[in-house]
Amino acid sequence: MTEKQTVLVTGASGLLGRSIVSELEKNSGFTIIKCAFSRTRDGYVKMNLLNEADIQETLQRFRPCAVIHCAAERFPNKVEENLEEVKKLNVRASEVLALEADKIGAFIIYISTDYVFDGLNPPYSEDSVPNPVNKYGATKLLGEKAVLGVNPANVVLRVPVLYGPVTSIEESAITVLLKAVREEKPQLVSDIEIRYPSHTEDISYIVHQLLKLKLNDTRCIHGIYHWSGKEALTKFQMVKVIGKPPTVYSSLILKLN
C-alpha cells in the first residue's frame with residue numbers, strides 16, 4: 001500500500017479552507033492536517049500563527065510534504081486599525097511557515113488575492129505590475145514576496161472575491177453585500193473596482209490540481225498563478241444581482257463612482 005502524503009492546511013476552518021479540506025478529502029492519497037486557531041473543533045489542530053515556536057513545532061510534528069496557507073486577516077477595518085499586528089499574520093507568519101516548510105523539504109501554496117492590484121484595468125496577468133490600493137492588498141503582496149523569497153519554487157495563487165457556503169453572511173465579501181440590500185437607509189456601494197467573483201469549490205479544485213502537479217514534478221509548478229470566475233462585476237453590480245427581485249430598499253442603494 002502506498003503511504004499517504006501529508007498536507008497541512010492553515011485557516012482550515014475558514015471559508016476557503018473548509019472547501020479545500022473537503023476537496024482534498026475526496027482523495028484518499030492524502031492525510032489532511034486541518035489547522036485553525038479561533039474556530040477549532042474536533043479533528044482540527046490548534047496552531048497560533050503569531051507564535052513562531054508553535055509553527056515550528058507543528059510542522060516538525062506532522063512533517064507535511066506541502067502547506068496550503070489560507071489563513072490571513074482580510075477584513076479591511078481590522079487591517080486599517082491594527083496594521084502592525086496584521087503584518088505579523090499576513091507577512092511574518094507566512095515567511096516563518098515558508099522557512100519551516102523549507103527545513104523539512106515541503107513547499108507552500110500561498111493563497112493571495114487580486115487586491116494586490118487596483119482593480120481598474122482587469123483582467124490582470126501574472127506579469128502585471130501590482131498596485132494595491134488598500135492595506136490588506138499591500139500586506140498580502142508582502143506575504144507573496146516573503147514566501148517566494150524563502151524559496152522561488154513555492155507557489156502563489158491569487159484569487160478574487162469568493163463566495164460559497166458560509167457560517168454567517170459576514171464571512172464572504174459577496175454575501176455581506178446582502179446587508180446593503182436589506183438596509184433601510186441609503187448605502188453607498190462602489191462602482192469602481194472590477195472583480196471576478198469565484199466559488200470556493202472552483203478555487204479548491206484548482207488548488208488540488210496545482211498540488212498534484214507540484215507533487216508529481218516539483219520543478220514544473222512554481223511562482224505566481226491567477227484564477228478567477230469569468231463574470232466582471234463591481235460591488236454595485238453585485239448588489240444589483242443579489243437584490244433581484246428589487247425590494248422596497250433597492251432605491252436606497254447609491255452608486256459610488
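Threonine 200 is buried, its relative accessible area being 1%. The model is a predicted one. Threonine 200 belongs to helix H7, which spans residues 200-216. Leaving aside residues up to four places away in sequence, threonine 200 touches Leu15, Leu16 and Ser19, and also Leu162, Tyr163, Gly164 and Pro165.

**Aromatic pairs**

The count of aromatic pairs comes to two. Tyrosine 115 and tyrosine 136 make an edge-to-face pair, with 6.0 Å from centre to centre and 80 degrees between the planes. This pair links distant parts of the chain, as its members are 21 residues apart. Tyrosine 115 is in the loop between strand E5 (107-113) and helix H5 (135-150), whereas tyrosine 136 is in helix H5. Tyrosine 115 is partly exposed, with a relative accessible area of 21%, while tyrosine 136 counts as buried at 11%.

Phenylalanine 117 and tyrosine 124 form a stacked pair, because their ring centres are 4.2 Å apart and their planes meet at 5 degrees; planes under 30 degrees apart count as stacked. Phenylalanine 117 is buried at 3% relative accessibility. Tyrosine 124 is partly exposed, at 22%.

| Aromatic pair | Centre to centre | Angle between planes | Class |
|---|---|---|---|
| Tyrosine 115 and tyrosine 136 | 6.0 Å | 80 degrees | edge-to-face |
| Phenylalanine 117 and tyrosine 124 | 4.2 Å | 5 degrees | stacked |

**Charges over rings**

Tyrosine 115, a member of the edge-to-face pair, also has the charged end of arginine 195 over its ring, 4.0 Å from the ring centre. Elsewhere, lysine 46 lies over the face of phenylalanine 37, at 5.1 Å from the centre of that ring.

**Cysteines**

How many disulfides does the count come to? The count comes to zero. For cysteine 35, the nearest cysteine sulfur is that of cysteine 70, 11 Å away, and cysteine 35 is in no disulfide. The cut-off for a disulfide is a pair of cysteine sulfur atoms within 2.5 Å. Cysteine 35 counts as buried, at 1% relative accessibility.

Cysteine 65 is likewise in no disulfide. The cysteine sulfur nearest to that of cysteine 65 belongs to cysteine 35 and is 14 Å away. Cysteine 65 counts as partly exposed, with 21% relative accessibility.

Definitions and conventions: Residues are numbered from 1 along each chain as its sequence is written. This is a predicted model: local features need pLDDT of at least 70, side-chain atom pairs count only at pLDDT 80 or more; totals for chains, interfaces and linings use all residues. Side-chain values use heavy atoms; hydrogens and water are left out. Rings of Phe, Tyr and Trp (its six-membered ring) pair if their centres lie within 6.5 Å; planes under 30 degrees apart count as stacked, over 60 as edge-to-face and the rest as tilted. Helices (H or I, at least four residues) and strands (E, at least two) are DSSP runs, numbered from the N terminus. Buried means under 20% relative accessible area, exposed over 50%, partly exposed in between (1.4 Å probe, protein chains only). A charge sits over a ring if NZ of Lys or CZ of Arg is within 6 Å of the ring centre and within 35 degrees of the ring normal. Contact means heavy atoms within 4.5 Å.
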